[in-house]
Protein chains: 2
Amino acid sequence: MDSIDLRLIDLLRDNARSSYAELARKVGLSAPAVHERVGKLEAAGTIRGYRAEVDHEALGLGVTALIGIIEDSGADTDDVLTAVRAMPEVESCYFMAGVESYQLTVRVGTIAELEQLIVRINRTPGVASTRTAIALSTKWENRPQPGVG
Amino acid sequence: MDSIDLRLIDLLRDNARSSYAELARKVGLSAPAVHERVGKLEAAGTIRGYRAEVDHEALGLGVTALIGIIEDSGADTDDVLTAVRAMPEVESCYFMAGVESYQLTVRVGTIAELEQLIVRINRTPGVASTRTAIALSTKWENRPQPGVG
DNA sequence: TCATCACCATGGACTCCATCGACCTTCGGC
DNA sequence: GCCGAAGGTCGATGGAGTCCATGGTGATGA
């Protein structure tokens, strides 16, 4: 994990479809060398995968919301987690410090669908209550942190 | 935008480095046809880009937090936004409905750095107060929603 | 200080892919 | 029924991906 690895990571976070030859030119190595380095970063889990970023509105998922979950005292946390994991609308899920055990990022097409999702989460065993905040607009998302990160 | 486009999007969200030939095999078209479809999806903005996903802990950014910003009454929203945009630690930024105008996802290396970041945000003109919640663990992030999205 | 070992980059070779042009099919409108 | 547009397949070619053998370099230990 040296500075060349970091540059490769930066380049791949900027454009994951760059060819190895292009990466090699940019970092000043040969293509096989880059190939091996990237392979090792993948094997080590430093690079987890490659994702296309989409325009959610264009795909009919124009409503983004953040939902905090407060658990029942004595609830089995794994049950809540399993139930939430089964909901495809939940894009991200963090286990939090504080009153709200989980913080979710969800994406749905309409406010009506959001309502149904909230109802479903509230009905989940172990969930005491939820708090929902709706994103009116997304300024930016998943912006890579250059240099290190 | 037909079902083949949606499948291509799903495949690219799963692995953005798939070759056109591989995508072609999976959707039952020729490679040039897939090439043209993907190019159109990119040109239309439906596909915004391709990003490598990294293990943030491995890169020394093990602390994730969510920060809500309450603005001063009468503050210029653009000033706050510009200031926050200049902070590389801020990975995502949503403009929200509710008391907290902005919701940020931030990533730093240590709690000390988080403290400094919060101080910096609080000192930003237009910011009345902030509310920070720390993620103890990330259950999942940026999970693609299959089928549509 | 020198020998040894392990690791990594290089360069070549071979296979496969990206991509362009030409032609074909299908569908809508006239 | 004909024509044009859109979008598909096919074929060719230039370049990329990837494997392998070789050589150089830095660290370790005697």
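Colleague: What makes the side chain of Ser30(B) a polar contact of DNA strand D?

Modeller: Please keep in mind that this is a predicted model. An N or O atom in the side chain of Ser30(B) is 2.5 Å from a phosphate oxygen of DNA strand D, and a pair of N or O atoms has to lie within 3.5 Å to be called a polar contact, so the name applies here. The side chain of Arg37(B) also has an N or O atom by a phosphate oxygen of DNA strand D, in this case at 2.8 Å. For Ala21(A), it is a polar backbone atom that is 2.9 Å from a phosphate oxygen of DNA strand D.

Colleague: How do you know which residues are around DNA strand D?

Modeller: A residue is included if one of its heavy atoms lies within 4 Å of the strand. The residues around DNA strand D include Ser19(A), Tyr20(A) and His35(A) from chain A, and Leu29(B), Ser30(B) and Lys40(B) from chain B. H3(B) gives the largest share of this surface, four residues. By class, the surface near DNA strand D has six nonpolar, three polar and two charged residues. Of the atoms of DNA strand D within 4 Å of the protein, 76% belong to sugar or phosphate, and the rest belong to bases.

Colleague: Which residues surround DNA strand C?

Modeller: Among them are Leu29(A), Ser30(A), Arg37(A) and Lys40(A), together with Tyr20(B), Ala21(B), Arg25(B) and His35(B). Sugar and phosphate account for 72% of the atoms of DNA strand C that come within 4 Å of the protein.

Colleague: How do you know that Arg37(A) makes a polar contact with DNA strand C?

Modeller: An N or O atom in the side chain of Arg37(A) is 2.9 Å from a phosphate oxygen of DNA strand C, and the cut-off is 3.5 Å, so the pair qualifies. The surface near DNA strand C divides into six nonpolar, three polar and three charged residues.

Colleague: Turning to the two protein chains, why is the pair Arg48(A) and Asp55(B) called a salt bridge?

Modeller: The closest N and O atoms of Arg48(A) and Asp55(B) are 3.5 Å apart. A salt bridge needs a side-chain nitrogen of Lys or Arg within 4 Å of a carboxyl oxygen of Asp or Glu, so this pair meets the rule. Across the interface of chain A and chain B, the rule finds four salt bridges.

Colleague: How many residues does each chain bring to the contact, and what area is buried?

Modeller: Chain A and chain B each bring 62 residues. The area buried between the two chains is about 6,100 Å², and carbon and sulfur atoms give 53% of that area. Arg17(A), Arg51(A) and Trp140(A) supply 15% of the area that chain A buries against chain B, more than any other three residues.

Definitions and conventions. Residues are numbered from 1 along each chain as its sequence is written. Chains are lettered from A and ligands numbered from 1 in the order in which they are written. This is a predicted model: local features need pLDDT of at least 70, side-chain atom pairs count only at pLDDT 80 or more; totals for chains, interfaces and linings use all residues. Side-chain values use heavy atoms; hydrogens and water are left out. Contact means heavy atoms within 4.5 Å. Buried area is the accessible area (1.4 Å probe) that two parts lose on being put together, summed over both. A polar contact is a pair of N or O atoms within 3.5 Å; within protein, one must be able to donate a hydrogen and the other to accept it, and residues adjacent in sequence count only if both atoms are side-chain atoms. Helices (H or I, at least four residues) and strands (E, at least two) are DSSP runs, numbered from the N terminus. Ala, Val, Leu, Ile, Met, Phe, Trp, Tyr, Cys and Pro count as nonpolar, Asp, Glu, Lys and Arg as charged, and the others, Gly among them, as polar.
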